[in-house]
Amino acid sequence: MASLLPGFEYDIFISYRQKDNKYDGWVTEFVTNLKKELEATFKDDVSIYFDENPHDGLLETHNVNRSLEGKLKSLIIIPIISQTYCDPKSFAWQNEFVAFHQQIANDQFGKNVRLANGNIAGRILPIRIHDLDAEDIALFEAETKEVMRPVDFIYRLPGVNRQLRAKDDEQIKSPNQVLYRDQINKVAHAVKDIINGLKNSQKTGSRAVIEKKEALPPVNPESGKKIVEAKELSEPKSSSKIKFIWYAVPIVLLGIAGVLMIPKWLARENARKELLPAIQKMVDDNFVAPSRAFEMAQEAERYISDDSTLIRLWPKISRNVSLNTEPPGAKVYWKDYERPADEWRLVGTTPLQKTRIPFGIRVKLEKDGYQTILVTSGRIDPENVFKMDSVGTLPENMVRIPARTTPMYIVGLEQNGGKRVGEFLIDRYEVSNKDYKRFVDAGGYQNKAYWNSPIYSNGIEISWESAMKLFVDKTGKGGPVE
């Protein structure tokens, strides 16, 4: 199908990363719905080039770049901007997006088009399906020399980052939710405005933006030579170069400052408008993943460390701990309970002083030649020193529990709150039925060596012999009393 305007192969070229269409065919569904919307918007059929297959029939013996040249001869490109699209190494970015941008800079219409209402629109119409990193936005804007103004097909809910689909319109989650059908309609009308602007430009033979051309010098009609003014004769050539440098240097410096500052500004805006609300939502929802809120706060701290909202959120998602080991020099790691497949994250090396860690995590202490210690973040007490045992010195599958003062808030043990409990050894795993049976069969209830603590019955201490007469089950064997 030909383009609506002569000299072009297609009206719209859809550019995307193939991986974004693998999961559930979102791009295919988007193109299908867009075609339907365009049919209801245009009187004539609008042609779309959409490479639904990874190589669209192109074989290894074909010249891919040359084969795409004709297809890129389109009025508009719609890049599907995802978290992986803005990648200079990807085929879609280099051979489709950048190639199209370079091509339209030199064709009959140029990069921009004047709309019927007098406004200017670009022939690149981005569709965003993911929240983007600041460096991805900066890459896009550095290539186009324009601020990215995409049509968004993503949820506007903290913590959710996936494309919006037509069926999601039936599940309204908030009054400000972006509706799929509205965005499809917005794209179709944007396409119509751009194509109508191109049609009008073709009629008038003018571009939307006409670059200023340098005026030709006056010519002597008799000799055909340039007329040289007295000023030009008297002014040395080096003077014009100095003037050029004098005006050019500030412009170059401003350009460099812009390149350096814009990505940082975008990152700060993202931290304030996206990260902080998402962290607050996690706090309000009682932390589905505590470490995720902590990671987002660390990212925000890189750009807005003095922000009052971030400062207020830190105590709600993390705590400052001091941690010592005997001997020192142990590496400290943490991992979220809810994400066991994650890698352990290094905090530092003991002794640690006032180091921030998230709530609800596991902590691991490692040192060569010593048994690894695993504890919860709640077990880290400033007055504790974790004693590390050399490998092989503790009984098998037993761990050392450090001394601590019991909290006042443990349900069922309030009467023991505030008491100091000394260190002790405990089995790493719960006693299995098999292990307990082995203990009973081996005469554990008849071996006095295992019973070195006082035994009480009804509040009165009794002898071991008297206790063993009571520790008899229904089969007559020694065991716990029911």
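The structure is a predicted model: local features need pLDDT of at least 70, side-chain atom pairs count only at pLDDT 80 or more, and totals for chains, interfaces and linings use all residues. Residues are numbered from 1 along each chain as its sequence is written, and side-chain values use heavy atoms, with hydrogens and water left out.

The chain holds twelve helices and 20 strands. These are DSSP runs, numbered from the N terminus: helices are H or I with at least four residues, strands are E with at least two. Of the 482 residues, 36% are buried. Buried means under 20% relative accessible area, exposed means over 50%, and partly exposed lies in between (1.4 Å probe, protein chains only). Among contacts with a separation of 6 or more, 61% join residues 24 or more positions apart. Contact means heavy atoms within 4.5 Å.

**Helices α9 and α10**

- Two packed helices are described by the angle between their axes and the distance between the axes.
- Helix α9 spans residues 290–304 and helix α10 spans residues 308–317; their axes come within 11 Å and cross at roughly 155 degrees.
- That crossing makes α9 roughly antiparallel to α10. (Angles under 35 degrees count as roughly parallel, over 145 as roughly antiparallel, 65 to 115 as roughly perpendicular and the rest as oblique.)
- Axes are lines fitted to C-alpha atoms, for helices over the stretch in contact, and angles run from 0 to 180 degrees between N-to-C directions.
- The crossing of α9 past α10 is left-handed. (Left-handed means the near helix is turned anticlockwise from the far one by less than a right angle; right-handed means clockwise.)
- On the α9 side, the contact uses Ala293, Phe294, Ala297, Gln298, Ala300, Glu301 and Ile304; on the α10 side, Leu310, Trp314 and Ile317.
- By class, this contact of α9 with α10 has eight nonpolar, one polar and one charged residues. (Ala, Val, Leu, Ile, Met, Phe, Trp, Tyr, Cys and Pro count as nonpolar; Asp, Glu, Lys and Arg as charged; the others, Gly among them, as polar.)

**The four-strand sheet**

- Four strands form an open sheet in the order β10-β9-β12-β13, with antiparallel pairing. (Two strands pair if DSSP finds at least two bridges between them.)
- β10 and β13 (373–376) are the edge strands, each pairing on one side only.
- From one strand to the next, the twist averages 25 degrees.
- Strand β9 (residues 331–336) runs antiparallel to strand β12 (residues 361–366), and six bridges join them.
- Valine 332 stands opposite leucine 365 in β12.
- α9 lies across β9 and β10, at about 115 degrees to β9.

**The three-strand sheet**

- A second open sheet has the order β11-β8-β14, and its pairing is mixed.
- β11 and β14 (385–387) stand at the edges with a single partner strand each, so one side of each is left without a neighbour in the sheet.
- The twist here averages 45 degrees from one strand to the next.
- Five bridges join strand β8 (residues 318–326) to β11, and the two run antiparallel.
- Serine 318 has proline 358 in β11 as its bridge partner.
- α9 packs on this sheet, touching β8 and β11, and its direction makes about 115 degrees with that of β11.
- α10 also lies across β8 and β11, running at about 50 degrees to β8.

**Cis prolines**

- The peptide bond from glutamate 326 to proline 327 is cis, with omega near 5 degrees. Proline 327 is in the loop between β8 and β9.
- Threonine 350 and proline 351 are also joined by a cis peptide bond, with omega about 5 degrees.
- Proline 351 sits in the loop between β10 (345–349) and β11 (352–358). Its relative accessibility is 48%, so proline 351 counts as partly exposed.
- Proline 351 and proline 327 are 24 residues apart along the chain, and their C-alpha atoms are separated by 9.6 Å.
- Leaving aside neighbours within four places in sequence, proline 351 contacts Leu323, Asn324 and Pro328.

**Positive phi and a buried valine**

- Lysine 145, in the loop between α5 (134–144) and β7, has a positive phi near 60 degrees. Lysine 145 is exposed, at 63% relative accessible area.
- Lysine 354, in strand β11, has a positive phi of about 50 degrees although it is not a glycine. Lysine 354 is exposed, at 70%.
- Valine 151 lies in strand β7 (residues 151–152) and is buried, with a relative accessible area of 8%.
- Not counting residues up to four places away in sequence, valine 151 touches Pro126, Ile127, Arg128, Gln183, Lys186 and Val187.
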